[in-house]
Amino acid sequence: MKAIRVKFKPVGKRYFFGTAGYDLKDQDLVIVNTIRGLELGYCSGEVFELQEKDLTSELKDIVRVANKQDIEAHEKNRLEEPKIIKKTKEISKELDLPIKVLEAEYTLDKSKLIIYFESENRIDFRELVKRLAEVYHTRIELRQVGSRDGAKVFGGIGPCGLIVCCRTFITEFDNVSVKMAKNQNLSLNPVKISGNCGKLLCCINYENELYKELRKLAPDIGDIVKTPDGPAKVLSCDVLNRSCKVRYIEEENKFGYLKLDDIEFIRAMDKRKEEEDADSEE
């Protein structure tokens, strides 16, 4: 079956839709029916053949290619969104609700207004919904999102000096763990390995698989290795540059920097099994 990927935001998740026989191209604007209602999205990529085995749910066809009226309605809705955010903030302040209002968006036909907010606690927002419905006379849906989604809305500059990844290309957030940071010999200071959202940096996940593979071929800190100058204890290991710092056993005050190719070590079988068990748990 012929399908097309559709996005609703420049940096957003892509969804599969059937082409309904339309000749679609990249960046074409289309109207689709989602769980939220009718929405305007744009094609991401070209039409492709989708196999049934790749489907996780029923494939819906696009409703139509967007016309002039659809585009005008969409733009008109977007112009109203900043005012809605401002009004929501005012009402939530009156109700003393500890929330950070992030985004607001109408469905194309204004049958539903979705408002996104961030909060550290669970919020009883029934009164807020009631007040908003009285103002906008449509169905109101409030969605609480995580801190990563909040950072994606506001953007900012990362510790690398570039615009944060979630604002430029990340469409879905992967799990990032302290174990990944340890595996890459990163500082475990929360300030240094946390992003604008307060969570661990997403970029820690990018090279994790490479580091895992390289570590299988390198000694751990504390391992005893054979060197041309005798046995030595590993003090640190740079797996990317394939080198390590060692302290020689026979001469306690003698240190050296060696390439991994110049040393011999045997990874204990129980240690290898421990790594494999940890990987299976992940």
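## A tour of rings, a sheet and a loop

Begin by selecting Lys245 and Phe255, where the charged end of Lys245 sits over the ring of Phe255, 5.7 Å from the ring's centre. Keep in mind while you look around that this is a predicted model.

Next, select Lys110 together with Tyr106, and you will find Lys110 lying over the face of Tyr106, at 5.0 Å from the centre of that ring.

In general, the strands of a sheet pair through backbone hydrogen bonds, either parallel or antiparallel.

Now select strand 8 (residues 112–118) and strand 9, which pair in the parallel sense over seven bridges. Within this pairing, pick out Phe117, which stands opposite Gln144 in strand 9.

The next stop concerns aromatic rings, for which the count comes to four aromatic pairs. One of them is formed by Phe8 and Tyr15, whose ring centres are 5.9 Å apart and whose planes are at 50°, so the pair is tilted. Phe8 is partly exposed, at 25% relative accessibility, and Tyr15 is also partly exposed, with a relative accessible area of 38%.

Then select Phe169 and Tyr206, another tilted pair, with ring centres 6.2 Å apart and planes at 45°. Phe169 lies in the loop between helix 4 (165–168) and helix 5 (178–183), while Tyr206 lies in the loop between helix 6 (190–193) and helix 7 (208–215), so the pair ties together parts that are 37 residues apart in sequence. Phe169 has a relative accessible area of 48% and is partly exposed; Tyr206, at 42%, is partly exposed as well.

Finish at Gly45, in the loop between strand 4 (37–43) and strand 5 (48–49). Which residues does Gly45 touch, not counting those up to four places away in sequence? They are Ile4, Lys25 and Asp26. Gly45 and Lys25 are 20 residues apart in sequence, with 7.1 Å between their C-alpha atoms.

Methods
Residues numbered from 1 in each chain as written. Predicted model: local features only at pLDDT ≥ 70, side-chain atom pairs only at ≥ 80, totals over all residues. Heavy atoms only, no water. Helix = DSSP H or I, 4+ residues; strand = E, 2+ residues; numbered from the N terminus. Contact = heavy atoms within 4.5 Å. Pairing = 2+ DSSP bridges. Phe/Tyr/Trp six-rings, centres within 6.5 Å; stacked < 30°, edge-to-face > 60°. Buried < 20%, exposed > 50% of the residue type's maximum accessible area, 1.4 Å probe, protein only. Lys NZ or Arg CZ within 6 Å of the ring centre and 35° of its normal.
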